[in-house]
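Subject: Handing over the structure

Hi there,

Here is the structure I promised to pass on to you. Have a look at it first, and then read on for what turned up.

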Amino acid sequence: MTHLQLKTNLLNQPLTLPNGVIIPNRLAKAATSETLASYSNNPNEKHVRLYQRWAASGIGMIITGNIMIDRKALGEAGNVVVEDERDFAILQKWAKTVTEQGSQLWAQLNHPGKQSPKGLNVRNISASAVPFGAEMQSLFATPDEATHEEILEIIQRFGRSAAICKKAGFSGVEIHAAHGYLINQFLSPLHNLRNDEWGGTPEKRRRFLMEVYAEIRKQVRKEFPIAIKLNSADFQKGGFTEQDSLETIQALANAGIDLIEISGGTYESGVAKAPQKASTIVREAFFIDFAEKVRTLVKMPLMVTGGFRTVEGMDQALQSHACDVIGIARLMAIEPDVPKFLLAGKNGFQSVQPIKTGIKKIDSLGIMEVLWYTQQLKRIGKGKEPKPKESGLWAFIKSVLLSSWGTYATQRSRAK
């Protein structure tokens, strides 16, 4: 930990959202994959334990990992699913353990579309029946094109899940429209080849997202905050571009979104790994330059996640007015108490390092940035301390074994 302490630290300032809700400070735990649920996709005490630990750090806002809206559409074995009130009591406990400590808990709602491992779901759908690239086809099957009726059902499910989370005491919801999941698939001209009302032009490609937002807003009303996680770009040739993103953000701002979290990339291109200019590396945040472009268009609060390493870099980003909230994720997996130091104007003890297995083919896929950190969250959820020096290869082996078992166990759970 550095001995330098900032004289002024904007991380400590509260933020008032457009609807009047106040976030107690500018530091947020961005969503990370947890896969702590049962193989019937129920939240449990591991979620309570993990989030209790994070909330005790004093962080202003915590966004959950993927909460899926349909048990038939999982992104990973062990995803939490909220499609009805069967788990209402534990959802209440999960929310309360965070909010009673002064932090906010926002539920990230998601549908994976085609981005689901082979065998996990009986059937995967997407905007169009477009397969993954050659490197990923061994992991992900080619999806079916979603019918008009299926699209309308998914929109309703997003609204229903948001309403249940609100009733359970969550502070807000975030729509996951980034990182190659279903909404991102609809937004991308590379993955959305439709020529009906759901594709063919940028406006039609973003219709699905806008309908999801409208349905959630209808069910939770104006006083309940709604955020979106959106790619600045997919970094795929022929995919969702910066201009597409800017136009989407403008449409969301006009519709009344409360917070926009900027990210980038997909599983195929690399998640949250923007092309780096020297000026961006110095400023730490991957997407800060894009955030400045957004700031010229809209007044909505902006959250930037990815690349922050020091409290100085976080404070500079806030001082520049390019963003209003600093998102950290991987650092919280290896040092869950780090917000205590950051909010005091100091750096923590740990630093985020690239995770490698030493096997070139595996490391080139970029999946270790998910798998290794997920293993650390599982440790915290069991009441253990994370292992910042854990072997990347060992974490990969454990993840493969758990994923294989998880797929089998999920299939068995469905068969009952």
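Let me begin with a question: does Asp196 count as buried, partly exposed or exposed, and at what relative accessibility? Asp196 counts as partly exposed, at 23% relative accessibility. The terms work like this: buried means under 20% relative accessible area, exposed means over 50%, and partly exposed lies in between, with a 1.4 Å probe and protein chains only.

Two notes on the background. This is a predicted model, in which local features need pLDDT of at least 70 and side-chain atom pairs count only at pLDDT 80 or more, while totals for chains, interfaces and linings use all residues. Residues are numbered from 1 along each chain as its sequence is written, and side-chain values use heavy atoms, with hydrogens and water left out.

Salt bridges

Side chains of opposite charge can pair when their charged atoms come close. A salt bridge here is a side-chain nitrogen of Lys or Arg within 4 Å of a carboxyl oxygen of Asp or Glu, and the count by this rule is 25.

Asp196 is paired with Arg194, with 2.9 Å between the closest N and O atoms. Arg194 is buried, at 5% relative accessibility. Elsewhere, salt bridges with shared partners join Asp70, Arg71, Lys72, Glu83, Asp84, Arg86, Asp87, Glu153 and Arg157 into one network.

Glu153 is partly exposed at 37%, whereas Arg157 is buried at 18%.

Arg123 and Asp144 also form a salt bridge, and their closest N and O atoms are 2.7 Å apart. This pair links distant parts of the chain, 21 residues apart: Arg123 sits in the loop between β7 (104-110) and β8 (125-126), and Asp144 in strand β9 (residues 144-145). Both partners are partly exposed, Arg123 at 39% and Asp144 at 35%.

Helices

Helices (H or I, at least four residues) and strands (E, at least two) are DSSP runs, numbered from the N terminus. The expected span of a helix is 1.5 Å times one less than its number of residues.

Helix α3 (residues 148-168) has 21 residues and spans 31 Å from first C-alpha to last, close to the expected 30 Å. Just after α3, Gly169 has a positive phi of about 105°. Helix α2 (residues 88-99) has 12 residues and reaches 16 Å, close to the 16 Å expected. Its buried residues are Phe88, Ile90, Leu91, Trp94, Ala95, Thr97 and Val98.

Most residues other than glycine have a negative phi. Thr35, although not a glycine, has a positive phi of about 45°, and Asn41 has one of about 70°. Thr35 lies in the loop between β3 (27-29) and α1, and Asn41 is found in the loop between β3 and α1. Thr35 is buried, with a relative accessible area of 15%, and Asn41 is buried with 4%.

Best wishes
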